[in-house]
Amino acid sequence: MPLAVKKRPATRAEAAALASDVRLRIIRLTQGRAMTNKELAAALGKDPATTLHHVRKLVDTGFLVEQPPRRGTRGSREKPYLGTQLSFGLNFEETEERAAVSEAALGAFLGEIADLGVGAADLTRVVVQLPAEQTRELLSRLHAVLVDYVDLPYDPAAERTAIFLASYRSA
């Protein structure tokens, strides 16, 4: 179910870039605030060379944009990167691409929960048994609420909250 109203099909390169939990986490970290490769590596617990590989892929595909260089703590020149929110405007028509991006989103979610500790998350699991039309309505309404909030202007002083919504047929 799409999160943004106006979406276009993702290119193969865009879908491939988003099929990585590390790159999805980088996109989330740089949403509304520019971060250097060193800062991203520290936040993700990754080697800076590995992180730079992912950053370059995201820059090449338009998910990150390099900001003007700034001076680091020891006078070094640092390049900060800012997320473009391009991922909100894409849909994935190919089943394989959708599955790969969904798997990466789940991996990103699990990685973030692992970093925080499961006790820091407010988790809810609900199973409903509804006719197909009501199920579609429920999912549509949930996504509409998320769109209302995703589309609000960015407030750098506000607390960041991550939401992971999944729906699937339950046995």
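This is a predicted model: local features need pLDDT of at least 70, side-chain atom pairs count only at pLDDT 80 or more; totals for chains, interfaces and linings use all residues.

Trainee: Okay. What do Glu112 and Arg25 form with each other?

Mentor: Glu112 and Arg25 form a salt bridge. Their closest N and O atoms are 4.0 Å apart.

Trainee: Which helices do Glu112 and Arg25 lie in?

Mentor: Glu112 lies in helix 5, and Arg25 lies in helix 2, residues 21-29. So the pair ties together parts that are 87 residues apart in sequence.

Trainee: Which residues are linked in a network of salt bridges?

Mentor: Arg25, Arg28, Glu112 and Asp115 are linked that way.

Trainee: How many salt bridges does the structure hold?

Mentor: Seven salt bridges. One of them joins the side chains of Glu39 and Arg70, at 3.0 Å from N to O. That pair also links distant parts of the chain. Glu39 is in helix 3, residues 37-44, and Arg70 is in strand 4, 31 residues apart.

Trainee: Why does Glu39 count as partly exposed?

Mentor: Because its relative accessibility is 34%, and partly exposed covers the range between under 20% (buried) and over 50% (exposed). Arg70 counts as partly exposed too, at 30%.

Trainee: Give me another salt bridge. What about Arg8?

Mentor: The side chain of Arg8 meets that of Glu14 in a salt bridge, 2.6 Å from N to O.

Trainee: Is Glu14 buried or exposed?

Mentor: Glu14 counts as buried, with 7% relative accessibility. Arg8 is partly exposed, at 34%.

Trainee: New topic. How many helices and strands are there in the chain?

Mentor: Six helices and seven strands. From the N terminus on, the elements run β-α-α-β-α-α-β-β-β-β-β-α-α.

Trainee: And what box do the C-alpha atoms fill?

Mentor: Roughly 60 × 35 × 30 Å, taken along the principal axes. The chain has 171 residues, and buried residues make up 26% of them.

Trainee: Let's do aromatics. How many aromatic pairs does a search of the whole structure find?

Mentor: One. Phe109 and Phe164 form it, 4.5 Å centre to centre. There are 20° between the planes, and the pair is stacked.

Trainee: Why does 20° between the planes go with stacked?

Mentor: Because planes under 30 degrees apart count as stacked, and here the angle is 20°.

Trainee: Where in the chain are Phe109 and Phe164?

Mentor: Phe109 is in helix 5, residues 95-116. Phe164 is in the segment after helix 6, which spans 132-150. They are 55 residues apart, so this pair links distant parts of the chain. Phe109 counts as partly exposed at 23%, and Phe164 counts as partly exposed at 35%.

Trainee: Now the surface. Which residues form a nonpolar patch there?

Mentor: Val126, Val128, Leu130, Leu138, Leu142, Ile163 and Leu165. Together they have about 600 Å² of accessible area.

Trainee: Pick one. Where does Ile163 lie?

Mentor: Ile163 lies in the segment after helix 6. It is exposed, with a relative accessible area of 61%.

Trainee: Last one. Which residues gather in a patch of positive charge?

Mentor: Arg56, Arg71, Arg77 and Lys79, on the surface. Arg71 is found in strand 4, residues 70-71. Arg71 is exposed, with a relative accessible area of 65%.

Terms used: Residues are numbered from 1 along each chain as its sequence is written. Side-chain values use heavy atoms; hydrogens and water are left out. Rings of Phe, Tyr and Trp (its six-membered ring) pair if their centres lie within 6.5 Å; planes under 30 degrees apart count as stacked, over 60 as edge-to-face and the rest as tilted. Helices (H or I, at least four residues) and strands (E, at least two) are DSSP runs, numbered from the N terminus. Buried means under 20% relative accessible area, exposed over 50%, partly exposed in between (1.4 Å probe, protein chains only). Patches are made of residues with over 30% relative accessible area and no salt bridge: like charges are joined within 9 Å, nonpolar side chains (Val, Leu, Ile, Met, Phe, Trp, Tyr) within 5 Å. Accessible areas come from the Shrake-Rupley method with a 1.4 Å probe; for residues, only the protein chains shown count as cover. Lys and Arg count as positive and Asp and Glu as negative; His and the chain ends are not counted. The place of a charge is taken as NZ of Lys, CZ of Arg, CG of Asp or CD of Glu.
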